[in-house]
Amino acid sequence: MKSIYNYTLEELESYFLNIGEKKFKATQVFEWLYRKRVQSFDEMSNIKKDVIDRLKEDFELNTLELLEHKSDIDVHKFLFRLTDNEKIEAVLMNHDYGNSICVSTQVGCNMGCSFCESGRLKKIRNLETSEIVLQFLLVEKLLGIKITHVVIMGIGEPFDNYDNVMNFIDILNTGKGIDLGARHITLSTCGIVPKIKEFAEFGKQVNLAISLHAPNNTLRNKLMNINKAYPIEQVIDAIKEYINKTNRRVTFEYILLKGVNDTKECALELSKLLKGMNCYVNLIPYNETSHIEYKKSSQEDIMNFYDILKKNNIGVTIRREFGSKVNAACGQLRSKYEEVK
Ligand code: SAH
């Protein structure tokens, strides 16, 4: 049986039309699911009994099982179990501007970035839309808070699970659903070029972030397998096209790895590559993990890299570090859990 949380408003409207009901029932159901957050179909008190029975036959009102909750200053990390016993992670961060959740989109990941923990456990499957939606709903419920921002940057490559992720964004964004502004949603990709082009046509004001991590193909090939399929010049061209179409500024994420991609030369080459683009660079201090050799750049090297970009008129920020004590970096909690077992 299908989870009802897989359905966008439009899909639920077609469902009701198909069973010979009025399509506004979909709006009513959406309000029960996403405004009043009911736990059972029986609570949907403005819906007739025979329709409720039909809903019960056709859909599950499933949820995720909480396995672990760890917290540190301003960060909460959750490990959830899915119905087929797979595990996924979500992270909640408290910022001065609100609460942001980082959601996972796949069980494992096949992109094979050499610095990333998630990729050590290969992709097992895509998450269903419902499994992404439920990360959001459950974290709000568990912490009793309102989430104001969503970053699609957890385990997995969102553009390798495109349709389910777009449906998730639709459910978040629709006024009848969670009603979160598109500008409060950020999707991060390792650079799957055809999907960047498709996303340019998506028509919502969602923020796009690209994991770049290197200014040239030689280095990027070493760090990110995906670069062999979609080399850096193709990524940059696709992003330029995206910016032209959407008029939106993009973010380039750049993890600083000691002695690998944090040199003065890299900073200069990166400045040249991005010159004139409507973008900014988010420098990410590497979150070290025990299985991977890379080390975090020194504070001094981070600042030097920052200064060079600044001097070359590239917008730049340094990402605040969260949760190294709770293994909050990308896949670390799940990976640790699998090992302990
Ligand atoms: N697949 C998508 C989204 C998931 S990864 C992507 O590649 O963008 C989210 C971000 O975390 C990426 O920029 C990724 O490169 C970065 N990341 C992965 N491991 C990290 C680590 N140990 N420390 C800091 N950032 C990391």
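Biologist: Is His213 buried or exposed, and what relative accessible area puts it in that class?

Modeller: This is a predicted model, in which local features need pLDDT of at least 70, side-chain atom pairs count only at pLDDT 80 or more, and totals for chains, interfaces and linings use all residues. Residues are numbered from 1 along each chain as its sequence is written, and side-chain values use heavy atoms, with hydrogens and water left out. Buried means under 20% relative accessible area, exposed over 50% and partly exposed in between, with a 1.4 Å probe and protein chains only. His213 is therefore buried, its relative accessible area being 4%.

Biologist: Where does His213 lie, and what is its phi?

Modeller: His213 is found in the loop between strand E11 (207–211) and helix H7 (217–223), where helices (H or I, at least four residues) and strands (E, at least two) are DSSP runs numbered from the N terminus. Although His213 is not a glycine, its phi is positive, at about 65 degrees.

Biologist: Which residue has its backbone nitrogen 3.0 Å from a polar atom of the His213 side chain?

Modeller: A polar contact is a pair of N or O atoms within 3.5 Å; within protein, one must be able to donate a hydrogen and the other to accept it, and residues adjacent in sequence count only if both atoms are side-chain atoms. For the His213 side chain, the backbone nitrogen lying 3.0 Å from a polar atom belongs to Ile255.

Biologist: Which residues come nearest to the ligand, among the 18 around it?

Modeller: A residue belongs to these surroundings if one of its heavy atoms lies within 4 Å of the molecule. Of the 18 residues around the ligand, those that come nearest are Glu157, Ser188, Ser211, His213 and Asn287.

Biologist: How much of the ligand does the protein bury?

Modeller: Ser211 has a polar side-chain atom 2.6 Å from an oxygen atom of the ligand, and a polar side-chain atom of His213 also lies 2.6 Å from a ligand oxygen atom. The backbone takes part as well, with a polar backbone atom of Asn287 at 2.9 Å from a nitrogen atom of the ligand. Taken alone, the ligand exposes 530 Å² (by the Shrake-Rupley method with a 1.4 Å probe), and the part of that area buried by the protein is 94%.

Biologist: Which strands each supply at least two residues of the shell around the ligand?

Modeller: By class, the shell holds 9 nonpolar, 7 polar and 2 charged residues, where Ala, Val, Leu, Ile, Met, Phe, Trp, Tyr, Cys and Pro count as nonpolar, Asp, Glu, Lys and Arg as charged, and the others, Gly among them, as polar. At least two residues of this shell come from each of strand E10 (185–189) and strand E12 (250–256).

Biologist: How far apart are the C-alpha atoms of Ile318 and Pro285?

Modeller: Ile318 belongs to strand E14 (residues 315–318) and, with 31% relative accessibility, is partly exposed. Ile318 and Pro285 are 33 residues apart along the chain, and the distance between their C-alpha atoms is 7.7 Å.

Biologist: What is the distance in space between Cys113 and Val91?

Modeller: Cys113 has its place in the loop between strand E7 (106–107) and strand E8 (125–126), and it is buried, with a relative accessible area of 15%. Cys113 and Val91 are 22 residues apart in sequence, and from C-alpha to C-alpha they are apart by 20 Å.

Biologist: What is the phi of Asn85?

Modeller: Asn85 is placed in the loop between strand E4 (75–81) and strand E5 (87–95), and its relative accessibility of 40% makes it partly exposed. Asn85 is not a glycine, yet its phi is positive, at about 80 degrees.
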